[in-house]
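Hi,

Here is the structure we talked about handing over. Please have a look before reading on; my notes follow below.

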Amino acid sequence: MITGLFNNWIVIVLMMSGLYIVIAHGNLIKKLIGLSLFQTSVFILYISMAKVEGGTAPILAENIKELSNPLPHVLILTAIVVGISTTALGLALVIRIKEAYGSIEEEDIQILDNLPQSKTQKKIMDGEQ
Amino acid sequence: MNDLFAVVMLLGIYSLLSASFFVAMDAVDVAFTEAAVGAGISTLLMLVVITMTGRKENTKRHKPFLALIVVIFTGGLLLYGTFDIPHFGSADSPIHNHVTPRYINDSINEIGIPNIVTSVLASYRAFDTFGEVVVIFTAGIGIMALLSVAHHSEDNHKIAAVNDSMHERYLVIRIVSKILIPFILLFALYVQFHGDFGPGGGFQAGVIFAAGIILYSMLFGLSITRKVISQPFIQIISAVGVLLYGSVGLVSLLQGGNFFDYNVLLTDPVAGQHLGILLIELGVGCTVTSVMIMIFFNFAERRELQQHNNIHNKDLES
Amino acid sequence: MDVLLEIIASLCLFIGSFICISGGVGILRFPDFYTRMHAVGVTDTLGAGMILIGLMFYSPDFLTLSKLLIILLLTLLISPTTSHVLAKAAMQNELKPKLQQKDSDKELNSSNYS
């Protein structure tokens, strides 16, 4: 009875571990990794929803009656490719942050932001060397 | 874990595992894409970035308590929500009962191709897909704006010298890849044009094609690849893909149908659908391939520039 | 004929899965990088190959058979190459193999290792 919900619980565990990484870690790359963990767990949720007991892949052929739902497949198929392009955009931003601040730790960036202007520039110069 | 390299590798393994899970859940098209994108290109991009930003995470402040409270609270709410969700695999759950029966029962008569995923992607929901393609294109432009560097023309002898020194080191893998890359590209084209009948289509084919080119540029150097596929060329191709997609919609509008209504493209509606899907998948394939290659080129160029600057700085100091 | 085919196929599948499992045990139990990599590199090629051959005996038509054959060829090509690249990368980063020996053997073998 209750085992029918098992897939949702797995997805919740995965999602929450992704969310935990995003909140708890200060490293920007690690945050992006948490975000893509979250993303993939959403994909798993959609795909497991589409499954029909006894169904096969949604490609029409003779002698096949039951098919899984093609609609979530379409949505996730495009979402994966969009996901990688947006992740790449995030990584590009991380590279620019590294070049500007010399660090990708959230804490260091905040400290640098709060410094007076002249000191910030000096710090950046230090970071680059 | 403080070693980001290990974390990225684990993410790649997780992607590959979820791809095999998608096969078990009958989503072959999705598994295809996830295996190529998640385990291939995304891991690679993360590794490139790690080489530029440093491998170790040096955390001073860790705030697990706030995070744990948020996570447990959200997780509990979601868990409570699952009790109303229809059970796994049940055929009578709401998502199987609204538009899906029409896709499954009528698509063979209306579109005439066996792979329902392709017919939904490229015909019933062509407008959605157009949006996705534009998002990918925009992401490509954004990365170019953030990372692209001015070209410094390199001298051919220098490239050749570097190439010779690399040749010894990567001899075996270079030869094997030289054998494999044509087959990878051929397979990508097969996936592109066979998408109507089996799993496949523009998105998967684009990613696989790009993976082949990226493999080549990793082994033979960026400058040699850039001679074959130059940056302006892929920029144009990525725009042409979106243009091709949009213009199919416009032509159908001019012929008197709705936007992306392929029935009016030819006199026979089913043949019109075939033509429309073929053109649209081609547009998707062009855009995805060129944006993926563009992303990799920009990241790798930036890395080269950074290394060049580092060497230069060291020279100045000494 | 059918029974014979089935027996051969299941034998191949069994051997293949046994080899894969032994590779998995190897990666957990062996002491250093090179021996672990050797365990996986050798068993992966053979294990996956045997499983694919077993599946070939099961395949219902020629199309499936030829697809499996192509996968087998690609596996035979790629798997040793990846092991080679991995080992070479380790060598270039100067990872030394761990040459462990018992105390009693040390004096006997010292001339060989030095």
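The accessible surface of chain C is about 8,300 Å², and carbon and sulfur atoms account for 70% of that surface. Areas are from the Shrake-Rupley method with a 1.4 Å probe; for residues, only the protein chains shown count as cover.

Two caveats on the source. This is a predicted model: local features need pLDDT of at least 70, side-chain atom pairs count only at pLDDT 80 or more, and totals for chains, interfaces and linings use all residues. Side-chain values use heavy atoms, without hydrogens and water, residues are numbered from 1 along each chain as its sequence is written, and chains are lettered from A and ligands numbered from 1 in the order in which they are written.

Chain C first. It has 4 helices and 0 strands, in the order α-α-α-α along the sequence. Helices (H or I, at least four residues) and strands (E, at least two) are DSSP runs, numbered from the N terminus. Of the 114 residues in chain C, 24% are buried (under 20% relative accessible area; exposed is over 50%, partly exposed in between; 1.4 Å probe, protein chains only). Take the contacts (heavy atoms within 4.5 Å) in chain C between residues at least 6 apart in sequence: 64% join residues at least 24 apart.

Next, a nonpolar surface patch of about 840 Å². Its members include B:L171, B:F183, C:I70 and C:I78. Two elements give two or more residues each: α8 (171–193) of chain B and α3 (62–92) of chain C. The top contributor is α8(B), with 6 residues. C:I78 sits in helix α3 of chain C and counts as partly exposed because its relative accessibility is 37%. Patch rule: residues with over 30% relative accessible area and no salt bridge, like charges joined within 9 Å, nonpolar side chains (Val, Leu, Ile, Met, Phe, Trp, Tyr) within 5 Å.

Last, chains A and B. Here 72 residues of chain A contact 87 residues of chain B. The buried area is about 7,300 Å², 74% of it from carbon and sulfur atoms. Buried area is the accessible area (1.4 Å probe) that two parts lose on being put together, summed over both. There is 1 salt bridge between the two chains (a side-chain nitrogen of Lys or Arg within 4 Å of a carboxyl oxygen of Asp or Glu). B:R302 forms a salt bridge with A:E99, with the closest N and O atoms 2.6 Å apart. On the chain A side, α3(A) gives the largest share, 24 residues, of what touches chain B.

Best regards
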